[in-house]
Amino acid sequence: MLMTVGWRLRRPLLCCAEAALLVGAVAAASPSTAQDVPAAPAAVTPQPPADPPAPPAPAPCCTVSGGTLVTISIDKALDSKTARVGQAFPIHLAEPLVQGDATLIPAGTPGVGEVIHVAHSGLMGRPGELSVVVRHLTLDGREIPLRGFQLGGAGKNNTDLALAVNAAVGIVGVFISGGNKYVPLGTLGTAKIAVDTTLSPVGPAPAPAPAPAPAPTTNPKQEDGK
C-alpha cells in the first residue's frame, strides 16, 4: 500500500521534469525571434549630380600677320580747340577681321586711341593742328596693338577731312591742319595690326551680304501709252 502511494507521488514529478526538459530542448533548437528578423539596411543619402565638365577652350589656330588692315571707327568727337596731348579716346572695330571661314576679331571690339599733337588756331591765320593715333583693340582682356592709322573709307563725315590729312605722317597717325579742326563722332579710318598675332576663332565668318536687287527696267513706249 505504501509503495503504491509513493509511486503515485513520484509520477507527477517525473512528468513535470520531462515537460521541462522538452521545453528546453525546443527552445534550444529554435533561434530567437530577434535573430529571425534581418536588420534594416542603413539609409542612403542621395548625392547631387556632378556638374558636367566644362567644354575645352578652343586652341589658338590662326596667326594674323602684322600689317593686316582693319577698319576703325572713332567713338568720340575731337576738336583742336579742346583736345589735349595724351588724351585717350574710345574706338571700335567697324568691320570684323575674318580669316578663312572664321571670325577672329568681331565687329564692335573696343579699343583706345590717343591725341599726340595739338595746336590751336591763332591770329594772323595760324591754322589749328590735330594729330591722333590708335593704340590697340581689347579682346577678352588682351590688347592687340595697332599702328599706321589713316582717316578714310566710306564712313560719314569724312569728306571734309580728306584734303586735310597730311600723308607725310600717315605712318604714325593723322595730322589735320587749317583752322580749328574737328573729327566727328563715327569717323572711319584704317589701321594695321602692329605685329604677328595668334588668335582663336570667336565664331564663324558672317554670311555675305545679299546682292542688291537689279533696278527695274521700264519701256519708254509703255510709259507713253504706246
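Let's begin with charge: the structure holds 1 salt bridge (a side-chain nitrogen of Lys or Arg within 4 Å of a carboxyl oxygen of Asp or Glu). Select Glu-114 and Arg-135, whose side chains meet there at 2.8 Å, N to O. Glu-114 lies in strand S7 and Arg-135 in strand S8, so the pair ties together parts that are 21 residues apart in sequence. (Helices, H or I with at least four residues, and strands, E with at least two, are DSSP runs numbered from the N terminus.) Both partners are partly exposed: Glu-114 has 22% relative accessibility, and Arg-135 has 38%. Here buried means under 20% relative accessible area, exposed means over 50%, and partly exposed is in between, with a 1.4 Å probe and protein chains only.

Some ground rules before the next click. Residues are numbered from 1 along each chain as its sequence is written, and side-chain values use heavy atoms, with hydrogens and water left out. This is a predicted model, in which local features need pLDDT of at least 70 and side-chain atom pairs count only at pLDDT 80 or more, while totals for chains, interfaces and linings use all residues.

**Color by confidence**

Switch to pLDDT coloring (the predictor's confidence in each residue, from 0 to 100). The protein averages 75, and 60% of the residues score at least 70. Strand S4 has the highest confidence, at 98, while helix H3 (residues 159-162) has the lowest, at a mean of 37. Now select residues 154-172: pLDDT is below 50 here, though the stretch has 31 contacts in the model beyond near neighbours in sequence. A contact means heavy atoms within 4.5 Å. Where pLDDT is low, the predicted coordinates should not be read in detail.

**Zoom out**

In cartoon view, the protein comes to 4 helices and 14 strands. Buried residues make up 27% of its 226 residues. Among contacts with a separation of 6 or more, 68% are between residues 24 or more positions apart.

**Into the core**

Next, select Val-70, Ile-72, Ile-105, Val-115, Leu-130, Leu-146 and Phe-149. These have the most contacts inside the largest nonpolar core, which has 28 residues. (A nonpolar core is a set of buried Ala, Val, Leu, Ile, Met, Phe, Trp, Tyr and Cys residues joined through side-chain atoms within 4.5 Å.) Strands that each supply at least two residues include S2 (69-74), S7 (110-119) and S9 (142-151). The largest share, 5 residues, comes from S8.

Stay on S8 (residues 129-139) and pick Leu-137. Is Leu-137 buried or exposed? It is buried, with a relative accessible area of 0%. Leaving aside neighbours within four places in sequence, its contacts include Ile-72, Ile-91, Ile-105 and Leu-146. Gly-111 is 26 residues away from Leu-137 in sequence, but the two are 3.9 Å apart in space, C-alpha to C-alpha.

Now hop to Val-115. Not counting residues up to four places away in sequence, Val-115 touches Leu-78, Phe-89, Leu-130 and Gln-87, among others. Click that Gln-87: it lies in the loop between S3 (78-79) and S4, and at 10% relative accessibility it counts as buried.

**Strand S2 and its partners**

Select S2. 5 of its 6 residues are buried, so S2 is largely enclosed by the rest of the structure. S2 and S12 pair in the antiparallel sense over 5 bridges (two strands pair if DSSP finds at least two bridges between them), and Thr-71 stands opposite Thr-190 in S12. S2 is also joined to S4 by 3 bridges, again antiparallel; there, look for Ser-73 opposite His-92.

**A three-strand sheet**

Which order do the strands take in the open sheet of 3 strands? The order is S5-S6-S14, with antiparallel pairing. S5 (97-99) and S14 (203-204) are the edge strands, each pairing on one side only. Between S6 and S14 there are 2 bridges, and Thr-103 has Gly-203 as its bridge partner in S14.

**Last stop: a loop**

Finish at Asp-140, in the loop between S8 and S9. Asp-140 counts as exposed, at 74% relative accessibility. Check its backbone too: phi is near 55°, a positive value in a residue other than glycine. Most residues other than glycine have a negative phi.
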